[in-house]
Amino acid sequence: MTQQHAPRDPHAFIAGLPKAELHVHHVGSASPRIVAELAARHPDSKVPTDPEALADYFTFTDFAHFIQVYLSVVDLIRTPEDVRLLTYEVARDMARQQVRYAELTVTPYSSTRRGIDERAFMDAIEDARKAAEADFGTVLRWCFDIPGEAGLESAEETLRLATDERLRPEGLVSFGLGGPEIGVPRPQFKPYFDRAIAAGLHSVPHAGETTGPQTVWDALTELRAERIGHGTSSAQDPKLLAHLAEHRIPLEVCPTSNIATRAVRTLDEHPIKEFVEAGVLVTVNSDDPPMFGTDLNTEYAVAARLLGLDERGIAELAKNAVHASFLDEAGKARIAEEIDAYTERWLAP
Ligand SMILES: O=C(O)c1cccc(C(=O)CC[C@H]2O[C@@H](n3cnc4c(=O)[nH]cnc43)[C@H](O)[C@@H]2O)c1
Ligand SMILES: [Zn+2]
């Protein structure tokens, strides 16, 4: 990606730019409006509904605190109708930001272990996916992730839900691994990723978000990662950066998330520029946008500032996500052409 003079104010350009998002969590995308609606359905919850109190509740002392709060929102989702509402409304919020395609990370284990029937869960996400595509034009695909800290039982269960022909949803494209990394070594999940890959799923684990570059190497060599969730600590290892660049393994970079969970101290210390300078394919993502007080458009503005990009550079960044996606080639070409046409219209005198 070439770096240029930063545009005067990139926000308006970004707001209308067609985009793809590759790293965004299902429950972590619940807006204050959705949280309030779910809390009204289940008034015994400890999650506040008042937007100001919620912003305070979504201020994290560290990554472990973030996961604790995240799970309290997971506890709000109790019925298949909750799942459907959440999914459909998340797609509505994406469409408002001109997101044409998103791979949404869903943790089915967290819902089925809380008592939601597995068949009803799959039907709810699929029903919402189809309705969202018809109503908003946003195409959703699923990444089912293992909540690693919940142990190998959660890996086995996630694999079963992802590969059982009677359950596996049509929109499922990939298999992931999320949650804390400290004390959760990646290699133990190799047999599950091997079976998921054999069943035709792409491998997209989180790695190097809260631990060092060895976790990224493990994700590549043991889990056969095709993209890396975060990969922030890759910046500490020049050989790893060269490997990522040479093998065209994209990083799913989520700048504001890394600050909110205190994985990185400040935005100016974020290594996104080092990734680009090393030739790594960078995609920009929002992770858990309302929890981190952000959205995808804001993440593009942050990346544009850190990388010194003008409109064409920002459009290139948007095309990186399209190329790194698991959409078919015709679908990729359609969105890439839309991005080019939008950019040319914007820059026309
Ligand atoms: O659901 C449970 O019962 C459960 C039990 C033990 C541990 C867990 C988890 O660790 C769930 C973590 C959950 O967090 C999601 N997530 C959202 N954002 C991020 C992120 O930035 N980095 C890593 N994980 C993230 C992820 O989808 C996990 O499934 C659950
Ligand atoms: Zn994530």
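Begin by selecting α4, which gives the most to the lining of the largest pocket, with 6 residues. Helices such as this are DSSP runs of H or I with at least four residues, strands are E runs of at least two, and both are numbered from the N terminus. The model is predicted, and local features need pLDDT of at least 70, side-chain atom pairs count only at pLDDT 80 or more, and totals for chains, interfaces and linings use all residues. Residues are numbered from 1 along each chain as its sequence is written, chains are lettered from A and ligands numbered from 1 in the order in which they are written, and side-chain values use heavy atoms, leaving out hydrogens and water.

**The largest pocket.** Here a pocket is an open set of points on a 1 Å grid over the protein atoms alone, with protein on both sides within 12 Å along at least five of seven lines; lining residues have an atom within 4 Å of a point. Select Ile-67, Tyr-70, Leu-71, Pro-147 and Gly-179: of the 25 lining residues, these lie nearest the centre of the largest pocket. Two or more lining residues come from each of α4, α6 (108-112) and β3. The space in this pocket is about 380 Å³, where a volume is the space filled by probe spheres set on the points, and points are joined across faces, edges and corners.

**Ligand 1.** Now show ligand 1, which sits in the largest pocket, meaning that more than half of its atoms lie within 2 Å of the pocket's grid points. Around the ligand are 21 residues, of which Ser-110, Arg-113, Asp-145, Glu-209 and Asp-288 come nearest; a residue counts as near if one of its heavy atoms lies within 4 Å. α4 gives the largest share of this shell, 5 residues.

In the side chain of Arg-113, an N or O atom is 2.4 Å from an oxygen atom of the ligand. At Gly-179, select the backbone: a polar atom there is 2.8 Å from a nitrogen atom of ligand 1. A polar contact is a pair of N or O atoms within 3.5 Å.

**The second largest pocket.** Finally, select Asp-93, Gln-97, Pro-289, Pro-290 and Asp-295, which lie nearest the centre of the second largest pocket among its 16 lining residues. About 240 Å³ of space lies here. α5 gives the most to this lining, with 4 residues, and β1 (19-25) and α5 (80-96) each supply at least two.

Conventions. A polar contact is a pair of N or O atoms within 3.5 Å; within protein, one must be able to donate a hydrogen and the other to accept it, and residues adjacent in sequence count only if both atoms are side-chain atoms. On a 1 Å grid over the protein atoms alone, a cavity is a set of points where a 1.4 Å probe fits but cannot get out, and a pocket is an open set with protein on both sides within 12 Å along at least five of seven lines; lining residues have an atom within 4 Å of a point.
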